Amino acid sequence: MPAIFDPTLDSFATDRESVYQELRDNHPVYHDTERDTWVLSRFADVRQAAMDAETFSSDASEAAVLLPMLNYLDAPRHGQLRRLVSRAFTPSRVANMEGLVQRTVDRLLDRYIERGGGDLIANYSGPLAANVVGSLIGIPEDEIDDFRELTDRLLLVGQQGDTAELAEVATGIYGMFMTLLDLRRHKTEDDLMSALVQVQSEGGITDEEVLGFCFLLVGGGNDTTSNLIANGWLLFLDHPDQRGIVEKDRSRLPDAIEEMLRLRPPAESHARTTTRAVAMHGTTIPKGSRVQLLWGAANLDDREFPQPEQFDVTRSARHLTFGLGPHFCMGAALGRLEARIAFEGLLDRGSDFV
């Protein structure tokens with residue numbers, strides 16, 4: 001019998017919504033026996049699991065080949081490290097990125113239009129995300145292209161699931177960050193790495209944790225933001241009435257971005273590991289099981305959202321795309337900032353390449 005849920009299939013992209021509905025309606029606790037993975041798809045179940053970090057541990061197999069990262073840590077170290085890095089990755093630092101984001105958007109749009117459009121990810125949203133994250137961390141401008149090449153490879157191997165190649169690419173990124181970390185110990189700048197060096201000098205955070213946090217920003221802030229912008233623009237193109245609402249009233253743009261995040265999340269799921277046996281919907285998930293929390297399926301649950309598959313920029317509904325609870329995405333504010341400015345540019349000049 002073929003698997004009900006297999007996101008590696010070419011057909012999944014077109015069958016995504018019907019697959020998710022089948023899971024939610026008939027298999028709310030689905031066991032993928034081939035991969036020995038359990039899948040949760042209903043909004044209430046995914047929300048509950050995301051909030052219950054004690055039962056659904058963040059420790060996952062991917063962590064074995066990577067340096068310590070917040071999304072793979074549990075309490076108490078998760079909370080301790082999150083508080084430490086929050087002293088460097090502050091709301092004011094994110095807000096101060098607006099000028100850089102605007103300049104980068106303007107430059108990339110100029111070049112994109114000159115080339116007659118083309119691949120939006122390759123020529124616009126991808127370079128935007130890489131430039132912003134690289135500049136935030138402190139990667140020198142003349143090394144941004146090399147940085148983006150490494151991060152593009154990271155995205156590719158992440159999709160392929162090759163842990164050996166993942167470790168190889170990660171080593172290259174760690175090396176770039178370690179060089180920068182050593183440099184900032186001798187000469188500080190107005191960047192995140194310098195701020196992390198200051199936090200580190202006060203104790204409580206290791207070199208490996210600094211590198212791991214920067215790596216998390218790359219994985220969480222590069223591919224996800226790039227895909228948010230590309231997916232969101234496709235939604236606007238497919239729904240000109242909704243785009244028109246935002247064009248007439250730009251104050252609707254933040255809600256439109258939240259609707260994009262709900263309907264087409266850049267990351268469809270995240271893995272957890274059960275610390276005890278969990279009984280749900282007449283099924284028991286054994287202790288030590290890998291569990292996928294399907295943000296994408298939960299965000300389309302008609303138990304939570306009226307007409308969930310409809311793109312509605314006037315909808316003000318919560319979603320699970322940035323996670324929930326102790327592991328809520330630290331980069332959410334930066335991603336929203338980038339998306340807002342990126343869409344403002346596209347809406348201002350979109351007639352040149354639609």
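Is Glu189 buried, partly exposed or exposed, and what is its relative accessibility? Glu189 counts as partly exposed, at 39% relative accessibility. Here buried means under 20% relative accessible area, exposed over 50%, and partly exposed in between (1.4 Å probe, protein chains only).

This is a predicted model: local features need pLDDT of at least 70, side-chain atom pairs count only at pLDDT 80 or more, and totals for chains, interfaces and linings use all residues. Residues are numbered from 1 along each chain as its sequence is written, and side-chain values use heavy atoms, without hydrogens and water.

**Salt bridges**

The count comes to 23 salt bridges (a side-chain nitrogen of Lys or Arg within 4 Å of a carboxyl oxygen of Asp or Glu). The table lists some of them, including the one made by Glu189.

| Pair | N to O distance |
|---|---|
| Asp25 and Arg303 | 3.0 Å |
| Lys187 and Glu189 | 3.8 Å |
| Arg250 and Asp348 | 2.8 Å |

Arg250 lies in the loop between α12 (240-248) and α13 (253-263), and Asp348 in helix α15, so the pair ties together parts 98 residues apart in sequence. Helices are DSSP runs (H or I, at least four residues), and strands are too (E, at least two). Arg250 is partly exposed, at 32%. Asp348 is exposed, at 53% relative accessibility. Lys187 is also exposed, at 51%.

**Strands**

Strand β4 (residues 269-274) runs antiparallel to β3 (residues 56-57), joined by two bridges. Five bridges join β4 to β7 (residues 290-294), again antiparallel. Strands pair if DSSP finds at least two bridges between them. Thr273 in β4 stands opposite Ser57. Thr273 also stands opposite Arg290 in β7.
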